[in-house]
Amino acid sequence: MKNISFRSDVLPLKNILYRLALRITLSREDAEDVVQDTLLKVWNRRDDWHAIDSIEAYSLAVCRNLSLDKAKKAGGDNRPISGDEAESADTGRDPYERAAQRDRVEQVRRIVDSLPEKQRSCMQLRDFEGKSYKEIAAAMGISEEQVKVNIFRARQAVKQKYNEIDRYGL
């Protein structure tokens, strides 16, 4: 019998859930609503926790499904995440370097936001959250091979689009 605690096993996932929801819905308010709904749904299933292999994978799956529903209801409004919602690196020494770095981060963020949802979600969970292929497959309800293909395609698309922008200034 697994001993799962909402406070120590589920609540610490809220930041990961938020980032996943934000990557799918592209809206802070919607992502916050989704996380709240996810936590409520997971809590309401507490009598079945003993039958769940991974509470984290289950929570991510619930979050993803609720995010997809929210995005669909929003009419597929595929607007990008605003600058204050995106994390920006500030590693340059002088103002020109910092501005150039912010521009590069913004370009990559826009490119990632434009990817198909499955690629965005796989990339978010792998590259930003550090999840294993197995964990991503369980959370998204797809095979590990499909996860790898989605991540490969997402990375290739980001690289290709970034290089086009860098080369041609598009």
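The points below go through confidence, helix packing and a few individual residues of this predicted model.

1. Confidence comes before the details. The protein chain has a mean pLDDT of 85, with 86% of its residues reaching 70 or more. Among the elements of the chain, helix α3 (residues 28-44) has the highest mean pLDDT, at 95, while helix α5 (residues 95-113) has the lowest, at 84. Over residues 82-92 the pLDDT is below 50, although this stretch has 16 contacts in the model beyond near neighbours in sequence. Where pLDDT is low, the predicted coordinates should not be read in detail.

2. On the pairing of α2 and α6, the axes of helix α2 (residues 14-25) and helix α6 (117-128) come within 9 Å and cross at roughly 155°. Because angles over 145 degrees count as roughly antiparallel, α2 is described as roughly antiparallel to α6, and the crossing of the two helices is right-handed. From α2, the contact is made by Arg 19, Leu 20, Arg 23 and Ile 24, and from α6 by Glu 117, Arg 120, Ser 121, Gln 124, Leu 125 and Phe 128.

3. Helix α7 (residues 133-140) has Ile 136, Ala 137, Ala 139 and Met 140 as its buried residues. Seen down the axis of α7, these buried residues fall within an arc of 165°, and so they line one face of the helix. What covers them includes α4, α6 (117-128) and α8 (144-168). After α7 comes Gly 141, whose phi is positive, near 70°.

4. Ser 59 lies in helix α4 (residues 55-73), which is among the elements covering the buried residues of α7. Is Ser 59 buried or exposed? With a relative accessibility of 0%, Ser 59 counts as buried. When residues up to four places away in sequence are set aside, Ser 59 touches Val 10, Leu 13, Leu 17, Thr 38 and Val 42.

5. Tyr 162 is placed in helix α8, and a reader may wonder why Tyr 162 is called buried. Its relative accessible area is 18%, and buried means under 20%, so Tyr 162 falls on the buried side of the cut-off. Leaving aside neighbours within four places in sequence, Tyr 162 is in contact with Arg 104, Gln 107, Val 108 and Ile 111. Tyr 162 and Arg 110 are 52 residues apart in sequence, and their C-alpha atoms are 9.9 Å apart in space.

Conventions:
Residues are numbered from 1 along each chain as its sequence is written. This is a predicted model: local features need pLDDT of at least 70, side-chain atom pairs count only at pLDDT 80 or more; totals for chains, interfaces and linings use all residues. Side-chain values use heavy atoms; hydrogens and water are left out. Helices (H or I, at least four residues) and strands (E, at least two) are DSSP runs, numbered from the N terminus. Buried means under 20% relative accessible area, exposed over 50%, partly exposed in between (1.4 Å probe, protein chains only). Contact means heavy atoms within 4.5 Å. The arc is that of the directions from the helix axis to the C-beta atoms. pLDDT is the predictor's confidence in each residue, from 0 to 100. Axes are lines fitted to C-alpha atoms, for helices over the stretch in contact, and angles run from 0 to 180 degrees between N-to-C directions. Angles under 35 degrees count as roughly parallel, over 145 as roughly antiparallel, 65 to 115 as roughly perpendicular and the rest as oblique. A crossing is left-handed if the near helix is turned anticlockwise from the far one by less than a right angle, and right-handed if clockwise.
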